[in-house]
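Reader: I am new to this structure. Please take one part and look at it closely, then lead me on from there.

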Amino acid sequence: MSNGSTASRFSLDVIRDGQIVRSSSGAALTLGRDPACDIHLPDRHISTRHGEIFFAGQRAVYQDLKSRNGSEIRRGQKTITIDAAIGFQCPLENGDEVRLGNPLEPIILKIRLLSQGRPVEVLPVRPAVIPPAVQDDDALVEKNVMRANQSADIETIRNRIGDDKRALLCLYNLLSRLAATRDRDSMLRAVASLLFESFDVATDVTVYLKPQKAGAAADLMSAEKTLEPEKAERFTPVLAVHRSGGTTIPSPLSRNMFERVTQKGEALLFEDALKSFGSAESIVISRVQSGLCVPLRDRAGIRGILQVDNRKVVGAFTPADLDLATLVGNHVALVLNGLEMTENLVQLNSELRDALMRVRLLDQAKAHLAQFVPEAVRQMVDKSPAAPQLGMVDADATVLFLDIGGYTKLTEKLDREQVSFLVEKYFSAFIDDIYQHHGDINETAGDGLMVIFRADEPLEHARSAVAAALAIRRKTGVVNEELAGQMEPIDVNMGINTGTVLIGSRRIKGITGARWTYTATGMVTNVTARLAAHAVKGQIMIGEETAKRVSDVTVLKEIGPVQFKNVAQPLPVFEVLDTKSGGPPRLP
């Protein structure tokens, strides 16, 4: 920022609503709500001292003074936001509109630049946030680069510093302060503060860093690696600070300097920036006079650039200053490496925690859903999670139906809460016996259950179904005794049938969408329901095929042929009495 006037061949008019509100031929102009400002803008959206227009060489420059609502420059169809990314400064061109305050209804100041009373054209300006691609005069640059430390000279530099008290104190303080930092930004601010303490002539410090690439953390762990040339890669300025502690324009780099630092790993001491790079408008605007430019290099290569400037004096730095800055840059690169690895580990740990949390939530969801999904379905999904075979297939199985005898009369005698309690009490008592005998509860309907039994061995699922039925009958007696005096005892009637069923998932589609159910259908299932309906007073009725498979281990009573509804021919029916304690007798 400039508070005085500088000689300029330009004059400048500031125009608002078609009227010139202020002109200048070199003096800086302040803008703000304060009546003392050169351009007084009494608007509540304007800061007390909002911005300033000053002259730098042959340029007029607008600077936002960190106002509350900010500033923009409208240049044709392009809008330039004046923020920290460009050092809160931007060169002005003839015809620019400076927009201040409320973005929806900004105060608009039009800029008119004149030369000898006539409007002038100004060449377009590149943003100052990146190293400009200036075509340097290499010979002139070489002349003004007083010294260049090679990247392999670290040990030589240490020996050259020797017992230099200033350098040793700087490096000691550097290590102490870096050890106390936990993030990149605070670390870089600590480094800048130390550099201002160690270099009395330094006015500005800028740090450029290369964006981290995927897999960079792995490179840092690898063995020593040769420096690969950068393809004129433009690094991003992450710190640009003035000795006063305020932000400043990032120190610009000429192409020659940029390539020498990034491709050769050299640390440079330049004596007269304006003489070497006077054609670069960013050099003129930033007013860099002399400085140090050192690489931030670790085993993975050049990760950044550290520049220490003097923007007032030519030849302010010495070769000893370059040696010290080179060592500081080397330490900073190593700390950046460590911080980056720590950030990567923190991120990986966070991602791992998130993944574990998702796994726990999935396990919980799976446990909850398991209460509503048949065991056979869960096994098929566990076996092939990506593509479980849930389609309808013919399979040999045993189906069991059970219902509470006299349920309708119970609902007439008891209120809904009592009926619900009764059903839950008995059915809950049956669950363990059903699962213990590898049955799948397929459907529940009021007072009834449908259970499917499957196994690789044809005899096994029939015997499991009958064993489960007998266990349910015994459990019914136990619950009846528990509820004696509270409710009347009930009977659970059951039917069991064995044979080929169509089993699997069935899609039921409606207007509201599709629903999948897993069930067993066919004549075997239909007959099972008829057998259960035929049973009374806690009987267990089974079909002929089931009887054949369990007769050697079960006491059966032949009921005889029974004509069931919607069944063409009478079917043999047997009642299960108990299990056999002796050898396998024949069917009665």
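Where does Glu-488 lie, and between which two elements?

Author: Glu-488 lies in a loop, with α13 (458-482) on one side and β22 (492-510) on the other. This is a predicted model, in which local features need pLDDT of at least 70, side-chain atom pairs count only at pLDDT 80 or more, and totals for chains, interfaces and linings use all residues. Residues are numbered from 1 along each chain as its sequence is written, and side-chain values use heavy atoms, with hydrogens and water left out.

Glu-488 counts as exposed, at 53% relative accessibility. (Exposed means over 50% relative accessible area, buried under 20% and partly exposed in between, with a 1.4 Å probe and protein chains only.) Leu-410 is 78 residues from Glu-488 in sequence. In space, their C-alpha atoms are 9.3 Å apart.

Step back to the chain. The protein chain has 15 helices and 26 strands. (These are DSSP runs numbered from the N terminus: H or I of at least four residues for helices, E of at least two for strands.) Of its 588 residues, 46% are buried. Take contacts between residues at least 6 apart in sequence: 65% of them join residues at least 24 apart. (Contact means heavy atoms within 4.5 Å.)

Now go to a buried spot. Ile-111 sits in strand β11 (residues 107-115). Its relative accessible area is 2%, so Ile-111 is buried. Ala-60 is 51 residues away along the chain, yet the two C-alpha atoms are separated by 9.9 Å. Setting aside neighbours within four places in sequence, Ile-111 touches several residues, among them Leu-12, Val-14, Ile-53, Glu-93 and Asp-96.

Arg-75, Glu-93 and Asp-96 are linked in a network of salt bridges. (A salt bridge is a side-chain nitrogen of Lys or Arg within 4 Å of a carboxyl oxygen of Asp or Glu.) Arg-75 pairs with Asp-96, and their closest N and O atoms are 2.8 Å apart. Arg-75 is in strand β7 (residues 71-75) and Asp-96 in the loop between β9 (89-91) and β10 (97-100), so the pair ties together parts that are 21 residues apart in sequence. Both ends are buried: Arg-75 at 16% and Asp-96 at 1%.

Arg-99 bridges to Glu-97, with 2.9 Å between the closest N and O atoms. Arg-99 counts as buried at 18%, whereas Glu-97 is partly exposed at 21%. Glu-266 and Arg-260 form another salt bridge, at 2.7 Å between the closest N and O atoms. Glu-266 is buried at 6%, and Arg-260 at 10%. The count comes to 17 salt bridges.

Last, a helix pair. Helix α3 (residues 165-179) and helix α4 (residues 184-198) have axes that come within 10 Å and cross at roughly 160°. (Axes are lines fitted to C-alpha atoms, for helices over the stretch in contact, and angles run from 0 to 180 degrees between N-to-C directions.) The two helices are therefore roughly antiparallel, a label for angles over 145 degrees. On the α3 side, the meeting residues include Arg-166, Cys-170 and Leu-174. On the α4 side, they include Met-187, Val-191 and Glu-197. By class, this contact has 7 nonpolar, 3 polar and 3 charged residues. (Ala, Val, Leu, Ile, Met, Phe, Trp, Tyr, Cys and Pro count as nonpolar, Asp, Glu, Lys and Arg as charged, and the others, Gly among them, as polar.)

Terms used: Parallel < 35°, antiparallel > 145°, perpendicular 65-115°, else oblique.
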